[in-house]
Amino acid sequence: MFRSALCLLSLCTLPVAADPILYESTLEIEDVEFPVPMALTLVPESETGVLVFLQADLGIVQQSLPGLLSRRIEDDCDRELAVAVEGGTIEVETLRLTGQLQAKVYACFGGKRGARLLKQNADVSLDLLARLEDGGLVSRVTDIEIDPEGLSGDLMGLLGVTSSLEDDIKADIEKDLNGTDNCLSLPEEFSALDTMVTGGRFIDLGGGRIGAEIAGSMELGSQNFIRLMHVLGQNGALD
């Protein structure tokens with residue numbers, strides 16, 4: 001009897017998709033903190049099951065990507081590598097970064113730089129997908145294309161330079177985007193409710209604005225029900 005009443009009460013009091021709980025989190029990229037508005041929605045799935053959806057607005061991060069990720073990323077004896085990111089767009093669930101690459105290849109003898117052998121500009125694009133790792137959302141490069149033109153571009157391919165540059169850029173971009181303080185995850189109070197995180201992805205918020213979504217679920221036993229009501233009350237979702 002109590003269990004049935006508990007289930008009925010919980011389903012009646014849960015915020016539905018039109019009534020999300022609003023949060024603001026931060027992401028830190030290259031020692032710069034960005035505000036990230038987030039909306040958390042609870043959707044009844046069964047008598048005791050609840051689906052959890054967290055949607056994050058990454059629009060401010062999106063606007064800042066060119067300045068954050070454009071720089072010289074390598075300056076070794078045998079080569080210099082600089083990337084100028086022009087912007088990021090969302091295509092279905094893929095975040096695509098595009099820009100320009102400048103590569104300079106030098107002769108190197110005993111750790112001393114010699115004559116420049118090659119200078120090449122090229123278009124570069126990277127595709128990233130959101131991956132769920134340790135309960136949080138991180139960005140992983142799934143594809144990278146460097147398109148050098150002309151005879152020197154062909155030479156880069158023959159020398160294996162293009163493939164090597166792709167590996168270096170991929171590692172550098174992932175390092176910047178997946179630092180210790182910039183992993184999207186559920187708010188701490190919902191993690192305490194034994195919420196099982198089941199998926200995550202990049203999403204289009206409209207007008208090309210990049211967002212991210214984390215999905216999960218929870219079971220409303222008596223203890224979790226009491227905790228959930230407390231969390232909802234603290235966030236004004238029961239008003």
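Is Arg72 buried or exposed? Arg72 is exposed, with a relative accessible area of 52%; here exposed means over 50% relative accessible area, buried under 20%, and partly exposed in between, using a 1.4 Å probe and protein chains only. Welcome to a predicted model, in which local features need pLDDT of at least 70, side-chain atom pairs count only at pLDDT 80 or more, and totals for chains, interfaces and linings use all residues. Residues are numbered from 1 along each chain as its sequence is written, and side-chain values use heavy atoms, with hydrogens and water left out.

View 1. Side chains of opposite charge can pair when their charged atoms come close. Asp75 is partly exposed, at 42% relative accessible area. Asp75 also pairs with Arg113, at 2.9 Å from N to O. Helices (H or I, at least four residues) and strands (E, at least two) are DSSP runs, numbered from the N terminus. Arg113 is partly exposed, with 36% relative accessibility. Through shared partners, salt bridges join Arg72, Asp75, Glu80 and Arg113 into one network.

**View 2. A salt bridge between Arg79 and Glu74.** The side chains of Arg79 and Glu74 meet here, at 2.7 Å from N to O. Arg79 counts as buried, at 12% relative accessibility, and Glu74 is buried too, at 13%.

**View 3. The largest nonpolar core, with a look at Leu126.** A nonpolar core is a set of buried Ala, Val, Leu, Ile, Met, Phe, Trp, Tyr and Cys residues joined through side-chain atoms within 4.5 Å. The largest one has 46 residues, and those with the most contacts inside it are Leu126, Leu128, Ile169, Leu184 and Phe202. Contact means heavy atoms within 4.5 Å. Setting aside residues up to four places away in sequence, Leu126 touches several partners, among them Leu95, Leu97, Val141, Ile144, Ile169 and Ile173.

View 4. A cavity is a set of points, on a 1 Å grid over the protein atoms alone, where a 1.4 Å probe fits but cannot get out. Grid points are joined across faces, edges and corners, and a volume is the space filled by probe spheres set on the points. The count comes to one cavity of 30 Å³ or more, and the largest cavity has a volume of about 240 Å³. Its lining has 18 residues, each with an atom within 4 Å of a point; the closest to the centre are Leu27, Leu58, Ser139, Leu177 and Phe202. Strand 1 (21-29), helix 2 (59-69), strand 8 (136-148) and strand 10 (210-219) each supply at least two lining residues. The lining divides into 14 nonpolar, four polar and no charged residues, where Ala, Val, Leu, Ile, Met, Phe, Trp, Tyr, Cys and Pro count as nonpolar, Asp, Glu, Lys and Arg as charged, and the others, Gly among them, as polar.

**View 5. Ser125 in strand 7.** Ser125 sits in strand 7 and is buried, at 15% relative accessible area. Leaving aside neighbours within four places in sequence, Ser125 is in contact with Leu97, Thr98, Asp143, Ile144 and Glu145.

How values were computed: On a 1 Å grid over the protein atoms alone, a cavity is a set of points where a 1.4 Å probe fits but cannot get out, and a pocket is an open set with protein on both sides within 12 Å along at least five of seven lines; lining residues have an atom within 4 Å of a point. A salt bridge is a side-chain nitrogen of Lys or Arg within 4 Å of a carboxyl oxygen of Asp or Glu.
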